[in-house]
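Q: Could you take me through a close look at the place where the two chains meet? I'd enjoy one connected account.

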Amino acid sequence: MAKAGAKSGGSGNKGLKRKAATEEPQEAAVAEDGTTESRVQPSKAAAFPPGFSVSEIKNKQRRHLMFTRWKQQQRKEKLAAKKKLKKEREALGDKAPPKPIPKTIDNQRVYDETTVDPNDEEVAYDEATDEFASYFNRQTSPKILITTSDRPHGRTVRLCEQLSTVIPNSHVYYRRGLALKKIIPQCISRDFTDLIVINEDRKIPNGLILSHLPNGPTAHFKMSSVRLRKEIKRRGKDPTEHIPEIILNNFTTRLGHSVGRMFASLFPHNPQFIGRQVATFHNQRDYIFFRFHRYIFKSEKKVGIQELGPRFTLKLRSLQKGTFDSKYGEYEWVHKVCAYSLKSHLDNFKRME
Amino acid sequence: MAAAAARWNHVWVGTDTGILKGVNLQRKQAANFTPSGQPRREEAVSALCWGAGGETQILVGCADGTVKNFSTEEGRFQGQRHCSGGEGIFRGLAQVDGTLITCVDSGILRVWHDNDKEASSDPLLELRVGPGVCRMRQDPARPHMVATGGKENALKVWDLQGSEEPVFRAKNVRNDWLDLRVPIWDQDIQFLPESQKLVTCTGYHQVRVYDPASPQRRPVLEATYGEYPLTAMTLTPGGNSVIVGNTHGQLAEIDLRQGRLLVCLKGLAGSVRGLQCHPSKPLLASCGLDRVLRVHRIRNPRGLDHKVYLKSQLNCLLLSGRDNWEDEPHEPQEPNKVPSEDTETDELWASLEAAAKRKLPDLEQSQGALQTRQRKKKRPGSTSS
């Protein structure tokens, strides 16, 4: 029986679910069979002794052959089952039961209690009086300063230039090794409303710090998948000076609202529809995808779009309450990773959505 | 609002928008209370303390310099007094023998005579503590002793019945290994029970214990935790350790006998603004900038007990120290509550009998919602008032 134990221990990864239920008769069969050669011979015949497992064949080529044959059989059975189900549905016609909804990660998500209800007065008051209130009341218009970390390389410089064509009323300045805490008071005195710092690592941009200026929150993002204009296939001509429209998708929770408002306050309030340009921030599972398109309505319902402009993906790392002060500032939200829990890994994907 | 149920609230939280929230963990409900019916940012709550007479009154210090009196029995704000003088928000509120002690950011500590008149009388006593105060705390054992500390403002212990000079003035630690002066930033102070010792936590992630009884004015014990400023601190039942929270939302329990870290508590995502432990049960309430009130259990087994999403940023909290956590069994049920509610609503209802059905916006919703919320256990909901 010890030999049997070793053999069934060896049936690790290739464990077939069909055969797993027959573990106990398998041990009995091993005791009866004795050697392994006797198991190879019955493979030629269609009937196998009960309790036979493909993973116990020691010969790799044979084992592979048996496995592929089994897989093909599974596929045939699955196809047959599907056809049968389809036939049954057609036969029943209207009386067929409704199709079951497939399980997706989005479906299985736990409802986030911080989702903002549009009728909520407390949140509405909070938003009406927060740091972005002056922008949303049309009292200030945005003026953006774009800069990078010190000594940027080509990709980052070009990304900054392209970003400044996308965001109206923005200015790019070279960093020259200045401390952010010294830049910020100077910006405030020159009436800048937002500061964007693109962080670079190993010659590619990988981080974005967005700080709303007078005393507003600072968001720190991880930036990935940066594509400059010339890397975008089938793109249109360069964007014009018209003010684009903004689309903010899926920023439903309270944190999502704060971040969404930060993005909205980068662009002036009055989009020029003549320009037919639109900047999209699409949030899905806590990744924010930025795209810049030009659209044209071919008919009432059909739109053609051309992608212009850079594209990148952002993921929020932290949202800090004041202007940039990573050491002594107070954080409103910090991304915490629990390294060894899958459930918390999936839960983390519902922060902003 | 659920006026009679207000007294059974376990935690009272003050927010940035001026709303005082009462949370009942047993029934998983949260109720909003505002002095003027509307949230106002000028009334942002910066300090909370229990008033006279057990835990029936709460003193709420607001950003516009007023201290409002809230009664938990009746569930509404009763009076307010304007405690003017000094710039900055309240950093400490305390109550002793019918007088009120307030301390503001600019360092002016005043003792006011506690009369119910709204007119602001002159303070009984005024002390200048030094600018940049971050916390003023009253010794629960000797209510006339208070301690203050802040940014570049060393820890000082004042005796309000004694002289105008501090009883104990702490000295800064020695210069560090580069022979540079170590900066001071005392963020929170606690008095240790059954001794004269004090514990402070600093913005430079240090936890220090001072002993006024010893001839040494420097800290007796120093421990560090993390790399971020520690913003709040509380004593655990038992008195041997403190729990500190920092601006990244990390909570840690630090043993004061050896100065080492015992446990960390998970869950908070934002800066910790308020922490309080229950005096006898192993429960810790924490609130912060991530708009969630959490109650952790700190011993056997350690973990999160309750989590309540309250929609505004939370500034400070008060945990009820009472022993029976459940409500009184003979709580009058909702139908009985209606007669004791405002008569205005009854008149309104009467006038509505003839007209078409119309729902009252706040009161009736919370009445009906209270019933349903007891069944809905999934969401620890928070309501509008």
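A: Happy to! Let's begin with the contact itself, to which chain A gives 25 residues and chain B gives 35 residues. Bear in mind that this is a predicted model. About 2,500 Å² is buried between chain A and chain B, with carbon and sulfur atoms giving 46% of that area. On the chain A side, the residues that lose the most area to chain B are Glu113(A), Glu122(A) and Tyr125(A), and together they make up 26% of what that side buries.

Seven salt bridges are counted between chain A and chain B. Lys321(A) forms a salt bridge with Asp16(B), where the closest N and O atoms are 3.5 Å apart.

Which elements of chain A supply at least two residues each to the side that touches chain B? They are α6 (121-128), α10 (254-264) and β10 (331-334). The largest share comes from α6(A), with five residues. By residue type, the side of chain A that touches chain B divides into twelve charged, eight nonpolar and five polar residues.

For context, here is a look at the largest nonpolar core. This core has 36 residues, and Ile196(A), Phe221(A) and Phe263(A) touch the most other members. Strand β9 (residues 303-320) of chain A provides the largest share of the core, five residues. Leaving aside neighbours within four places in sequence, Phe263(A) is in contact with residues including Leu210(A), Phe221(A), Phe281(A) and Leu314(A).

Technical notes. Residues numbered from 1 in each chain as written. Chains lettered and ligands numbered in written order. Predicted model: local features only at pLDDT ≥ 70, side-chain atom pairs only at ≥ 80, totals over all residues. Heavy atoms only, no water. Contact = heavy atoms within 4.5 Å. Buried area = accessible area lost by both parts, 1.4 Å probe. Salt bridge = Lys/Arg side-chain N within 4 Å of Asp/Glu carboxyl O. Helix = DSSP H or I, 4+ residues; strand = E, 2+ residues; numbered from the N terminus. Nonpolar A, V, L, I, M, F, W, Y, C, P; charged D, E, K, R; others polar. Core = buried A, V, L, I, M, F, W, Y, C linked by side-chain atoms within 4.5 Å. Buried < 20%, exposed > 50% of the residue type's maximum accessible area, 1.4 Å probe, protein only.
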